[in-house]
Amino acid sequence: MSGDSVTFGFNVASSGAYSTAGKQELRGFKLAVKHINNGGGWVTSEKYESPLDGDGLLDKDVEFVVEDTGGSSDTARSNAQRLTDSEEVIMLAGGTSSSSSLANQEVAAQNQIVYMSTMANANSLTGVDCNRYSFREMFNNRMAAEALAPALSDEFGDDINYVKISQDNEWGRTLRNDMDTALGNLGWSPVWDTTAQVGTTDYSQYAEDLESVDFDVVVLGLGGLDAVNALRAFREVFPESNIVLPIASRGIAQTAGDAIEGVIGTVAWSPEINSPLSNTFRETFREEYGNSTGTSKSASPSGAAHIAYTQALQYASAVERAGTFNPIDVIGELERHEYDVGLGTQTLRACDHQAMRKVPVVRGKPEVRQSYGSYYGLVGEPVDVQYACDSGPAANCSLGGS
C-alpha cells in the first residue's frame, strides 16, 4: 500500500436519537487512533497483549474520516459507500444502532474491507446476516437476556407477572423473544404485551393502559430516546414500579435523570469495573477529554466509548500481527483471537465473528448519586455468557468464503 498514511472510516450517529452514544463512540475511536500513532493507553500497557508500539500501523500514520448516520440505516449505507469509494478507507467502524450496523457490514462485505461493529445488539448481525468481513465486540440480545436472568431471579424471585413493550423492529422483536425465553425459565409469566414504533415520544397512553393490569415488573425492549420517554411516562403513573431495561446505556440514563433509579439492565461496559485495563482506559479517557479538574460528567467514558476504543485497537493489532493490510490475512488474525479489554479473557469466534465476553448487569442510581458520569451501579460481577456455534444466532450464520 503506497503513501505514508492509511485511513480508518468511522460511521457513527453524531445526530439523532442515538447521538449521545455516537459522540462517545467517536471519542473512543479518536483516542484509539491517537494511541496507535503516539502511544499511551492500552498500547503501552503491559496488560494489553498487542504488537502495537505507538508508532503508527506498519510504519504508516493512521488518519480517519467521520460520517454521521443520524441513526438512519439508509444514510449509514450511503456514507459507508462514500467512505470506501472516495476516501479509500482500509477499515470501517461504527454503527451506533443495529440497523445502521447491518447497513455498514453489508457495504463492507461488498467492498471487501473489514468492518468493526460498535453499539449493535441485534442477533442477526452475527446470526443470519453475518458475513466474512464483519466482527462484533458488543454482546447480542440473547447474551443480554441470559445475563439478566440470574440477577432478576435474585431481585424479584419466581412466579412473577410481567408486562412488556418492545420496539416494532427486528431488534425489538428478537429482544422480546429472548427475554421471554430467559424469564420463562424463571417461571415468570407475561400478562400484557405491545409494540411501539421507533421514535414514539408519548408513552403516557401505554402507561395508563396498564392501570387495570396486575403486574409485578415492566420490561422495556426500547432504545435511545424511546427508552427515555417510556421511563418517564411509567415513572409518572407508577412511581414505585419495578422496571427492566435489558439494553441500557449511559446516554439513556443521562437523559432520563431520576427516572433511571432502580432500573435493572445491561451495559457494554461500566467505569465501576475495577481491573488494570478498565482503569487504564477510564483514566486516559478522562485525561484526554476532561476539564482542568478532570471531573466533568462528559469526561467519563461510557460503554459506547469503550467498545469503539476496543474495536479500533483490535483491528490495528490484527494488522500488526498479520504484517499486512490485506483484509483476508487480517480476518485470519481476528478469528479465534483471545484477548482482554478489562473484562477478563475473551475470544472473537471464527464461526460467527461474535465476541464471547462477559456482560455487566447494572442498576440505575438515584439522581443525587449520579456524579462524574456514573449513572449505574454494578449488580455483582459481569456475567460470563456462552453459547455454542451450532445454537442460538450462530446456528444461522454462514460466513462464506473469501
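Leaving aside its neighbours within four places in sequence, which residues is L148 in contact with?

1. **What you are looking at.** This is a predicted model, in which local features need pLDDT of at least 70 and side-chain atom pairs count only at pLDDT 80 or more, while totals for chains, interfaces and linings use all residues. Residues are numbered from 1 along each chain as its sequence is written, and side-chain values use heavy atoms, with hydrogens and water left out.

2. **The chain as a whole.** The protein chain has eleven helices and 17 strands. Here helices (H or I, at least four residues) and strands (E, at least two) are DSSP runs, numbered from the N terminus. The radius of gyration of the protein chain is 20 Å, close to the 21 Å that the globule rule gives for 402 residues, so the chain is as compact as a globular protein of that length. That radius is taken over C-alpha atoms, and the globule rule is 2.2 Å times the number of residues to the power 0.38. Along its principal axes, the C-alpha trace spans about 70 × 50 × 35 Å.

3. Of the 402 residues in the protein chain, 58% count as buried. Buried means under 20% relative accessible area, exposed means over 50%, and partly exposed lies in between (1.4 Å probe, protein chains only). The protein chain exposes about 15000 Å², and carbon and sulfur atoms supply 41% of it. Accessible areas come from the Shrake-Rupley method with a 1.4 Å probe; for residues, only the protein chains shown count as cover.

4. **Contacts and domains.** A contact means heavy atoms within 4.5 Å. Among contacts in the protein chain between residues at least 6 apart in sequence, 70% join residues at least 24 apart. The domain assignment gives domain 1 (5–139 + 272–357) and domain 2 (142–266); such bounds come from an automatic or database domain assignment. The C-alpha centres of domain 1 and domain 2 lie 29 Å apart. Where they meet, 19 residues of domain 1 are in contact with 17 residues of domain 2.

5. **A closer look at helix α3.** Helix α3 (residues 98–111) has 14 residues and reaches 20 Å from its first C-alpha to its last, close to the 20 Å expected at 1.5 Å a residue. The expected span is 1.5 Å times one less than the number of residues. Among the buried residues of α3 are S98, A103, V107 and A108. What covers the buried residues of α3 includes strands β1 (5–12), β3 (91–94), β4 (114–117) and β5 (134–136), along with helices α2 (73–85) and α5 (170–184). Just after α3, look for Q112, which takes a positive phi of about 55°.

6. **Back to L148.** You will find L148 in helix α4 (residues 141–156). With a relative accessible area of 0%, L148 is buried. Leaving aside its neighbours within four places in sequence, L148 is in contact with M179, V244, P246, I264, G265, T266 and V361. Take T266 from that list: the C-alpha atoms of L148 and T266 are separated by 7.2 Å, although the two residues are 118 apart along the chain.

7. **A259, a residue in a loop.** A259 sits in the loop between α8 (250–256) and β10 (264–266). Is A259 buried or exposed? At 4% relative accessibility, A259 counts as buried. Apart from neighbours within four places in sequence, A259 is in contact with L231, R232 and R235. For A259 and D180, 79 residues apart along the chain, the C-alpha atoms are separated by 24 Å.

8. **The disulfide of C130 and C397.** A disulfide is a pair of cysteine sulfur atoms within 2.5 Å, and by this rule the count comes to two disulfides. C130 and C397 form a disulfide, with their sulfur atoms 2.1 Å apart. The pair links distant parts of the chain, 267 residues apart: C130 is in the loop between β4 and β5, and C397 is in the segment after β17 (383–384). With 100° about the S-S bond, the link of C130 and C397 is right-handed. Both C130 and C397 are buried.

9. **The disulfide of C351 and C389.** C351 and C389 also form a disulfide, their sulfur atoms 2.1 Å apart. The torsion about the S-S bond of C351 and C389 is about -75°, so this disulfide is left-handed. C351 counts as partly exposed at 25% relative accessibility, and C389 counts as partly exposed at 37%. With bonded cysteines counted along the chain, the disulfides follow the pattern 1-4, 2-3.
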